[in-house]
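Q: Could you take a close look at the pockets of this protein with me? I would like to go through what lines them.

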Amino acid sequence: MTGMQLGLVHVNIGPMSRPQVLADAARAAEAAGFDSVWAGEHIVLPDPQVPPSPMAPQDPVLDSLLALTWAAAHTSTIRLATGILIVPQRNPVVLAKQVATLDVLSGGRVMLGIGAGYLEPEFRAIGANFAERGAVTDEYLDAMRALWQDEHPQYHGRFADFAGIDAQPRPVQQPVPVIAGGHSPPAYRRAVARAHGWYGYWLTPQQAAASLAGLAAAADTVGRPAGLGELEISVTPRGRLTPELAAEFAEAGVHRLVALAPGTPDGPARAIETAAAAVSAL
């Protein structure tokens with residue numbers, strides 16, 4: 001395998017939402033040298049479908065963390081990424097417990113991809129705060145880190161408030177790698193200031209380069225803690241991944257290509273084979 005890392009996305013959606021297909025896809029990706037499998041998230045979908053919803057309401061979507069737990073049970077080394085989990089739709093204390101549990105059960109393989117979300121009907125159905133979702137996301141992330149890392153966890157904010165509690169076991173990984181998704185200035189600032197990586201979905205190399213420019217601009221306005229290290233860039237390419245396209249993404253500064261499988265029974269195998277071949281010449 002080359003320096004370009006490879007992932008497989010949507011292992012919990014469509015055909016890969018079936019238990020055996022998901023397990024087979026995760027094992028095949030691991031055997032092919034992929035470093036990660038990724039699960040997307042929509043807890044509910046608008047019915048009837050309305051923009052900007054990307055999916056029909058009848059499309060099957062497994063819970064991302066439960067799907068990754070199933071993948072963990074059928075693999076041994078591949079990393080388990082949410083791509084992405086909609087943080088303001090979750091309770092941060094419960095979510096911190098779920099993520100820590102998966103990290104413990106998998107032997108420290110979680111990569112927590114996060115985002116603020118964008119489907120108002122989904123937020124409304126859950127009873128989540130759509131208007132302030134960006135601020136909620138940032139607060140919840142800080143609150144979860146307190147639960148994962150602090151000897152005596154406490155957090156006092158506008159949207160989360162707790163003290164005098166503890167939550168064991170802690171995650172195996174200290175810290176849990178966080179990957180911020182999104183293509184807006186606030187999302188770029190979140191990635192720079194709070195995350196180990198950034199994830200862009202369904203992008204051309206030119207769009208990836210534009211997002212990298214946005215991240216660079218964000219770095220001029222917000223500080224990046226030294227402990228976060230270099231910002232790792234992951235992208236799901238738009239269209240069929242060819243060697244030429246992989247080379248363009250590498251030139252743009254992308255570290256990981258997260259392949260999207262076609263929605264057919266042989267989709268995962270085809271995506272794995274195509275992606276591995278595309279990066280083999282890099």
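How do the residues of the lining of the second largest pocket divide into nonpolar, polar and charged?

A: Happy to! Please keep in mind that this is a predicted model. In the second largest pocket, the lining consists of 10 nonpolar, 2 polar and 2 charged residues. That pocket holds about 250 Å³ of space. Its lining is made up of 14 residues, and those nearest the centre are Arg240, Leu241, Leu260, Pro262 and Thr274. Two elements give two or more residues to this lining, namely strand E11 (256-260) and helix H9 (267-279). Of these, H9 provides the largest share, with 4 residues.

For context, let us turn to the largest pocket, where the space comes to about 840 Å³. Here 27 residues form the lining, and His42, Gly83, Ile84, Tyr118 and Tyr201 are the closest to the centre. By class, the lining of the largest pocket contains 11 nonpolar, 12 polar and 4 charged residues. At least two lining residues come from each of helix H5 (133-149), helix H6 (185-194) and strand E9 (197-203). H6 contributes the most to this lining, giving 3 residues.

Notes:
Residues are numbered from 1 along each chain as its sequence is written. This is a predicted model: local features need pLDDT of at least 70, side-chain atom pairs count only at pLDDT 80 or more; totals for chains, interfaces and linings use all residues. Side-chain values use heavy atoms; hydrogens and water are left out. On a 1 Å grid over the protein atoms alone, a cavity is a set of points where a 1.4 Å probe fits but cannot get out, and a pocket is an open set with protein on both sides within 12 Å along at least five of seven lines; lining residues have an atom within 4 Å of a point. Grid points are joined across faces, edges and corners, and a volume is the space filled by probe spheres set on the points. Ala, Val, Leu, Ile, Met, Phe, Trp, Tyr, Cys and Pro count as nonpolar, Asp, Glu, Lys and Arg as charged, and the others, Gly among them, as polar.
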